[in-house]
Amino acid sequence: MTLKLRFALLFNLIVAIILILSSITIYSFFSLHRQKEFKNKLRTEAIISLSNFGNNNQNLKDLGINISNELTEIYLFEKQNLIISEDKKIINATPTKSIFKISTKTFALIKNLKEYFFKESNREFFGIYIVNEKMFVIASAIDKDGLNKLANLRLILVGVFFCFLILTGLITYWFVNSALRPLTNLNNKIKLTTEKNLWQKVELTKGKDEIAQITSNYDALIERLKNAFDLQKNFVQYASHELRTPLTLMYATTQAALNKKLTEEEYKKTLELLQVEQNNLIDLTNSLLLLSQFEKLEFSSILHTFRIDELIYDAISYGKANFPGIIIDFGFENFPEENNLLINGNETLLKSAFINLIKNAFLYSENKKLSILLFAKNKDIQIHFINTGNQLTESVISNMKIPFSSRENIGLVKGIGLGLSIVQKIISIHNGTFSYSKISTNINKFTIALS
């Protein structure tokens with residue numbers, strides 16, 4: 001059963017219960033009113049019968065009836081008036097032939113209560129006991145008009161009940177269908193959603209109700225899935241391409257060395273070439289593993305408080321040990337207080353970012369020289385990496401944070417295109433910014449801003 005149909009049926013059930021209770025209440029009150037009205041008519045008929053029988057006004061006074069009130073004869077359907085003695089003998093009957101019988105139990109009730117109203121089937125009775133005369137006065141009739149009105153009311157209420165129930169069902173279904181249309185659209189959208197059309201979004205409904213929130217959250221979820229699929233797709237493509245290159249070169253070099261005899265010097269060059277490609281392959285593999293862990297690290301990294309200048313010194317030491325010939329100058333733009341140098345972050349990741357920028361300067365600068373400037377004030381930290389070399393074009397700047405994107409000025413230098421992407425990821429995890437700017441001719445500046 002669909003949610004729309006369930007809501008419609010539930011609402012119809014509530015309306016049906018309300019209509020039934022209302023109809024029962026109306027019918028009951030009308031029935032009581034009819035009975036009370038007819039009871040008064042029968043009492044009047046009994047009084048008229050007693051008054052006409054021997055004009056016994058004293059008996060009427062004994063009943064508390066003011067005989068000065070005008071008593072008008074009432075038309076009653078199939079009426080029967082009886083005056084019966086205490087020994088159950090009929091004294092007077094109008095009409096003369098009795099058309100009903102009274103039980104002994106009923107006589108006892110009339111005698112005990114003095115006035116008693118009762119009914120048998122559709123005939124109703126009103127009995128009066130005259131104490132002084134020790135006799136019973138009983139008037140009976142059928143309230144044909146009242147019972148017809150009651151039957152008509154019953155038909156009207158039943159008709160209104162079903163008409164309103166059908167009308168309510170149609171209105172409810174239309175309303176529920178309109179109210180849940182966004183959910184229907186969302187459901188249809190989910191059915192059609194694949195990895196090929198994740199860019200499509202559900203049209204948001206106006207307002208801030210729960211359906212609008214679900215739709216908004218669904219679109220946000222789809223956006224995250226799309227980014228994940230795009231990242232996975234690009235990652236696999238880039239990784240496959242980059243892994244193929246060093247592996248192919250290593251295989252070709254090894255195959256060539258096996259197919260011919262080489263001198264000792266040639267073997268040494270071949271091994272050195274293989275070593276270079278192995279180092280590139282190791283760097284690539286480590287970078288791929290590092291990138292694959294960034295989403296988890298964003299939520300689960302353990303942060304520590306440390307001095308940023310000491311971490312830069314460690315990165316510089318690593319760079320000088322692993323990049324022969326590199327020249328690194330490090331200085332401060334201001335004179336920071338010691339507290340301003342403290343930062344809360346992940347030392348391993350930030351050190352990896354600094355090393356990648358140092359390696360970037362080593363590979364692409366003209367003179368293998370890098371200047372690092374540190375600015376720290378009021379917990380705002382900026383680290384500038386400045387080197388001399390061909391400046392990046394606008395297209396390269398826009399793509400420099402994308403994994404495996406190439407640079408136009410690399411020449412014969414081999415790189416894996418992951419350095420700047422890693423830096424961007426690490427800095428974003430630390431809620432910082434990473435940017436590139438041109439200072440003057442052939443001077444590049446990469447800036448990391450942390451707080």
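# Close-up views of a predicted model

Glu115 is partly exposed, with 28% relative accessible area. Arg43 falls in that class too, at 24%, and is therefore partly exposed. The classes are set by relative accessible area: buried is under 20%, exposed is over 50%, and partly exposed is in between (1.4 Å probe, protein chains only). The two side chains form a salt bridge with an N to O distance of 2.9 Å. Arg43 sits in helix 1 and Glu115 in strand 3 (residues 115–120), so the pair ties together parts 72 residues apart in sequence. A salt bridge here is a side-chain nitrogen of Lys or Arg within 4 Å of a carboxyl oxygen of Asp or Glu. Helices (H or I, at least four residues) and strands (E, at least two) are DSSP runs, numbered from the N terminus.

The model is predicted, so local features need pLDDT of at least 70 and side-chain atom pairs count only at pLDDT 80 or more, while totals for chains, interfaces and linings use all residues. Residues are numbered from 1 along each chain as its sequence is written, and side-chain values use heavy atoms, with hydrogens and water left out.

Side chains of opposite charge can pair when their charged atoms come close. The whole structure holds 11 salt bridges.

**Glu338 and Arg307 belong to a salt-bridge network.** Its members are Arg307, Asp309, Glu310 and Glu338. Between Glu338 and Arg307 the N to O distance is 3.4 Å. That pair links distant parts of the chain, 31 residues apart: Glu338 in the loop between strand 7 and strand 8 (342–345), Arg307 in strand 6 (residues 304–307). Glu338 has 53% relative accessibility, so Glu338 counts as exposed. Arg307 has a relative accessible area of 22% and is therefore partly exposed.

**Strand 5 is mostly covered.** Eight of its eight residues are buried. Met135, Val137, Ala139 and Ala141 point one way from strand 5, and Phe136, Ile138, Ser140 and Ile142 the other way. In a regular strand the side chains alternate between the two faces of the sheet.

Strands pair if DSSP finds at least two bridges between them. Strand 1 (residues 77–85) runs antiparallel to strand 5 and is joined to it by seven bridges. Ser85 has Met135 as its bridge partner in strand 5. Eight bridges, also antiparallel, connect strand 4 (residues 123–130) with strand 5. Tyr129 is the bridge partner of Phe136 in strand 5. Strand 4 and strand 5 make a hairpin with four residues between them. Lys134 in that turn has a positive phi of about 50 degrees.

Strand 11 and strand 12 (residues 443–450) run antiparallel and share six bridges. Tyr436 stands opposite Phe446 in strand 12.

**Helix 1 carries Ile18, part of a nonpolar surface patch.** Ile18 lies in helix 1. The patch covers about 560 Å² and is made by Leu10, Leu13, Ile14, Ile17, Ile18 and Leu21. Patches are made of residues with over 30% relative accessible area and no salt bridge; like charges are joined within 9 Å, nonpolar side chains (Val, Leu, Ile, Met, Phe, Trp, Tyr) within 5 Å. Accessible areas come from the Shrake-Rupley method with a 1.4 Å probe; for residues, only the protein chains shown count as cover.
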